[in-house]
Each structure stands twice: as C-alpha cells, then as structure tokens.
Amino acid sequence: MNDKRFNPSLAHRLDDPARLLWLPPDEVIATLRLRPDELVADIGAGTGYFTLPLSRVLGPKGKVWAVDAQEEMLSLLKEKLDLLGVSNVKPVCAEGDRTGIPNATCTVAFLANVWHEFEDRTAVLRESQRILSPGGRVAILDWRTDVDPAHGPPLAHRIAPADAVKEMRLAGFEQLSFAEVGRYSWLVQGETQQ
C-alpha cells in the first residue's frame with residue numbers, strides 16, 4: 001500500500017453524515033448524466049459512498065462494478081449490499097490499472113477521490129479505455145488544490161484538474177469537460193472515440 005492510499009481503519013469517516021453536506025453524491029451523479037440501463041465501473045469504490053447511489057440511479061437494468069484494491073473496504077460494502085438487498089452491484093477486489101472487468105463492458109468508468117492515490121495514472125486511463133465501450137466516458141472526481149485541506153488528503157498529494165485533463169488528452173480521451181462539485185472537489189469527464 002502506498003502512503004497516499006486511504007487507510008481502511010478510517011473507513012468510518014467515509015460514512016460520516018457531515019460528508020453529505022460538502023460532497024453530495026446526488027450532485028456528483030447528476031453531472032454524469034446516466035441512463036437507467038448503463039454499466040458503471042466505480043473504481044476505488046471504498047465502502048460504497050457513490051456505489052449505492054449509483055445503483056439506485058441505474059436501477060435493475062443497470063449494473064455497478066464496485067472495484068477496490070482493499071478487501072477491508074469491500075467487506076464493509078458487501079455488508080451494506082446484503083443489508084439493503086442491493087442486487088445490481090458486483091464487488092471486485094482489484095487495482096485501478098487491472099480491474100478484471102471484461103473488455104468494452106462499461107459505459108462509464110468513475111474514479112472518485114482516488115486519482116491522487118495512483119502511482120501510474122496513465123495505466124489507470126489505459127485500463128479505463130479497455131473496459132469502456134465505444135463512446136464510453138471516464139469521470140474523475142478528486143480534491144481541489146485551492147482549498148483548505150480540512151477534509152481529504154494533504155495538499156501535496158492533490159492533483160490539479162488541469163493536470164488530469166492533460167493526462168486524459170494524452171491517453172486519447174475527447175470532449176473533455178470540467179466542473180467544481182461540492183465544496184472541495186473537481187470533476188473532469190472525457191469520452192473514448194466512437
């Protein structure tokens with residue numbers, strides 16, 4: 001585990017109700033413009049902060065691949081899925097650059113608050129391209145560099161959205177868009193070639 005990866009012993013922070021005030025999942029998910037039948041890879045799913053709202057938006061015809069490299073986090077997510085009777089989420093223990101998801105399966109690869117954790121972001125973008133169907137989208141949500149780090153990783157670990165845009169362009173993503181969401185986050189989206 002690298003020193004930027006979220007410590008699973010702090011998983012309770014991910015479910016803190018105060019987090020809903022400064023990073024509302026519904027606001028973030030609305031910017032993704034999802035259809036109810038899409039297949040989404042939630043890469044870095046953690047305990048399901050976005051996975052569960054994504055599963056509700058996608059409904060029974062859609063599916064969320066909840067990918068996380070830490071089995072401890074996925075165990076907490078699995079407990080929630082069982083408790084709530086959620087059937088359209090498939091937890092996957094894997095790294096962001098080797099998800100194990102079949103080729104061209106997903107319409108959206110969503111990476112929330114993990115972009116700064118990856119050592120090889122180019123490899124993660126290649127993997128996103130591999131799992132995305134033609135015209136699919138990658139959506140990267142991460143911490144702003146211009147705000148007080150009261151929440152989230154230290155400023156030294158954060159990545160500016162302009163750098164993410166540059167990396168996405170170099171990887172071949174097109175139609176890039178940028179938005180600030182919540183109080184401390186940015187969201188950059190791009191499409192694969194059709």
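This is a predicted model: local features need pLDDT of at least 70, side-chain atom pairs count only at pLDDT 80 or more; totals for chains, interfaces and linings use all residues.

Visitor: In which sense do β6 and β7 pair, and over how many bridges?
Guide: β6 covers residues 174-181 and β7 covers residues 185-191.

Visitor: Which residue in the hairpin of β6 and β7 takes a positive phi?
Guide: Three residues sit between the strands of this hairpin. One of them has a phi near 60°. That residue is G182.

Visitor: How many bridges join β5 to β7?
Guide: β5 and β7 run antiparallel. L141 stands opposite L187 in β7. The number of bridges joining β5 to β7 is seven.

Visitor: Why is β7 largely enclosed by the rest of the structure?
Guide: Burial gives the reason: β7 is largely enclosed because, of its seven residues, the number buried is six.

Visitor: How many disulfides does a search of the whole structure find?
Guide: C93 is in no disulfide, and the nearest cysteine sulfur, that of C106, is 17 Å away. A disulfide needs the two sulfur atoms within 2.5 Å, so C93 and C106 are too far apart for a bond. The search finds zero.

Visitor: Which elements do the buried residues of α5 pack against?
Guide: Helix α5 spans residues 121-131. Its buried residues are R121, A123, V124, L125, E127, S128 and I131. They pack against β1, β4, β5 and α6.

Visitor: Which helix gives the most to the lining of the second largest pocket?
Guide: This pocket holds about 230 Å³ of space. Both α2 (25-32) and α3 (51-58) supply at least two residues of its lining. With three residues, the top contributor is α3.

Visitor: How do the residues lining the second largest pocket divide into nonpolar, polar and charged?
Guide: The lining has 14 residues. Nearest the pocket centre lie D15, L20, P25, Y49 and P53. The division is eight nonpolar, one polar and five charged.

Terms used: Residues are numbered from 1 along each chain as its sequence is written. Side-chain values use heavy atoms; hydrogens and water are left out. On a 1 Å grid over the protein atoms alone, a cavity is a set of points where a 1.4 Å probe fits but cannot get out, and a pocket is an open set with protein on both sides within 12 Å along at least five of seven lines; lining residues have an atom within 4 Å of a point. Grid points are joined across faces, edges and corners, and a volume is the space filled by probe spheres set on the points. Helices (H or I, at least four residues) and strands (E, at least two) are DSSP runs, numbered from the N terminus. Ala, Val, Leu, Ile, Met, Phe, Trp, Tyr, Cys and Pro count as nonpolar, Asp, Glu, Lys and Arg as charged, and the others, Gly among them, as polar. Two strands pair if DSSP finds at least two bridges between them. Buried means under 20% relative accessible area, exposed over 50%, partly exposed in between (1.4 Å probe, protein chains only). Contact means heavy atoms within 4.5 Å.
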